[in-house]
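Subject: Structure handover

Hello,

Here is the structure I promised to pass on to you. Please have a look at it first, and then read my notes below.

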Amino acid sequence: MLFTEEHEWLRPEGDLVTVGITAHASEQLGDVVFIELPEVGRVVEKGEEICVIESVKAASDILAPVAGEIVAVNEALPDTPGAVNENALGTWFFQIRISDPAALSGFMDEAAYTNFIG
């Protein structure tokens, strides 16, 4: 599992990357009440806003951690947004087929992320 500075987790499997948010992000957001997912088939660039999360505290965007095509979304998530609070590392948002596998080299491992959030 890899982590971004934007508090997303990435689980690479070949050219597919499953993406969610970290427990730290979930705790900072508070109770999640709304999630808008990207459309399957959408081609995105790294850093592009692709999801919206709203909680009782704030609204936040999930940015595409890598460039590629959205190939699947967690269809149940909009109906059960609180799942993110219950199990952030076990609740995925979308899968992206990456354009360049080398793009995964710049992310943190779990130890580096734990150090990053202090």
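Which residues does threonine 18 touch, not counting residues up to four places away in sequence? They are Trp9, Leu10, Arg11, Glu13, Trp92, Phe94 and Gln95, where contact means heavy atoms within 4.5 Å.

Before the rest, a word on the basis: this is a predicted model, in which local features need pLDDT of at least 70 and side-chain atom pairs count only at pLDDT 80 or more, while totals for chains, interfaces and linings use all residues. Residues are numbered from 1 along each chain as its sequence is written, and side-chain values use heavy atoms, with hydrogens and water left out.

Back to threonine 18, which sits in strand 3 (residues 16-21); strands are DSSP runs of E with at least two residues, helices are runs of H or I with at least four, and both are numbered from the N terminus. Threonine 18 counts as buried because its relative accessibility is 6%. The cut-offs are under 20% relative accessible area for buried, over 50% for exposed and in between for partly exposed (1.4 Å probe, protein chains only). The side chains of threonine 18 and glutamine 95 are also joined by a polar contact of 3.0 Å. That term stands for a pair of N or O atoms within 3.5 Å; within protein, one must be able to donate a hydrogen and the other to accept it, and residues adjacent in sequence count only if both atoms are side-chain atoms.

Gln95 turns up again with alanine 72, which contacts Val40, Trp92, Phe94 and Gln95 once neighbours within four places in sequence are left aside. Alanine 72 belongs to strand 8 (residues 68-73) and is buried at 18% relative accessible area.

Now for the aromatic rings: the structure has 2 aromatic pairs. Rings of Phe, Tyr and Trp (its six-membered ring) pair if their centres lie within 6.5 Å, with planes under 30 degrees apart called stacked, over 60 edge-to-face and the rest tilted. Phenylalanine 3 and tyrosine 113 are stacked because their ring centres are 4.8 Å apart and their planes meet at 15°. This pair links distant parts of the chain, 110 residues apart: phenylalanine 3 is in strand 1 (residues 2-3) and tyrosine 113 in helix 3 (residues 110-117). Both residues are buried.

The rings of tyrosine 113 and phenylalanine 116 have centres 6.3 Å apart and planes at 35°, so that pair is tilted. Phenylalanine 116 is partly exposed, at 38%. Phe3, Tyr113 and Phe116 form one aromatic cluster.

Best wishes
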